[in-house]
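I opened my notebook to look up a strand and some aromatic rings. Here is what I wrote down, step by step.

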Amino acid sequence: MEMPKDVLVLDAETTRFPEGTPFSSTHKLHCVGVLWRGNYHYFDIEHSGNPYNLALREIARLFEAAKIVVGFNIKYDLHYLRRYIPGLAVRSVFDGQLAEFILSNQQSVYPSLGLCAARYGLSPKLDRIKLEYWDNGLDTSDVPEDVLKERVLDDTRLHYEVFTKQLPLLRHQNKLELLRLQCQDLLVL
């Protein structure tokens with residue numbers, strides 16, 4: 001499936017401990033990965049400590065150009081982005097986690113990206129950060145930038161590949177409109 005030119009695929013890596021939440025001023029948006037028009041982009045936000053204003057402007061520009069933003073549990077990433085870019089324009093979203101919930105007839109509650117990748121026969125999610133850092137009590141700020149970049153861009157790739165598997169199934173099962181309504185609701189709430 002060729003990637004439509006107006007689809008922006010998004011993933012973000014954030015502070016994890018004690019409980020990763022976009023609603024705490026102590027938690028940070030470390031980086032953002034996007035896939036836009038066939039090209040992957042990595043944006044260091046607060047991981048390296050370097051200024052990130054230009055990165056935020058470029059992310060906002062991409063959102064303005066996109067007709068739909070694809071992600072997985074995308075409301076989490078959008079909450080962080082809206083904290084950093086308060087007027088962020090989001091026309092429409094496709095949430096792969098919500099799509100999986102709908103495709104499973106509400107049986108798969110909060111499915112993981114790794115579970116979806118396995119279900120659709122895709123390459124496994126990179127769990128190096130989870131296994132080597134988070135499971136050992138280290139936070140995202142302790143992860144080397146090259147490792148973080150690899151993960152966020154790989155997750156972005158997986159988001160897109162899951163999207164390409166789910167979209168035809170949603171159409172075939174006449175559930176695409178239900179997902180659209182749920183995703184509109186997600187943006188409001």
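I began with a term: buried means under 20% relative accessible area, exposed means over 50%, and partly exposed is in between (1.4 Å probe, protein chains only). Helices (H or I, at least four residues) and strands (E, at least two) are DSSP runs, numbered from the N terminus.

I noted that this is a predicted model, where local features need pLDDT of at least 70, side-chain atom pairs count only at pLDDT 80 or more, and totals for chains, interfaces and linings use all residues. Residues are numbered from 1 along each chain as its sequence is written, and side-chain values use heavy atoms, with hydrogens and water left out.

Entry one, the strand. I looked up β1 (residues 7–14) and found eight of its eight residues buried. In a regular strand, side chains alternate between the two faces of the sheet. On one side of β1 I listed V7, V9, D11 and E13, and on the other L8, L10, A12 and T14.

Entry two, its neighbours. Two strands pair if DSSP finds at least two bridges between them. β1 runs parallel to β4 (residues 68–71), joined by three bridges, and V7 has I68 as its bridge partner there. With β2 (residues 29–36), β1 pairs antiparallel over seven bridges; E13 partners C31.

Rings of Phe, Tyr and Trp (its six-membered ring) pair if their centres lie within 6.5 Å; planes under 30 degrees apart are stacked, over 60 edge-to-face, the rest tilted. I found four aromatic pairs in the structure. Y76 and Y80 are edge-to-face because their centres are 5.4 Å apart and their planes at 65°.
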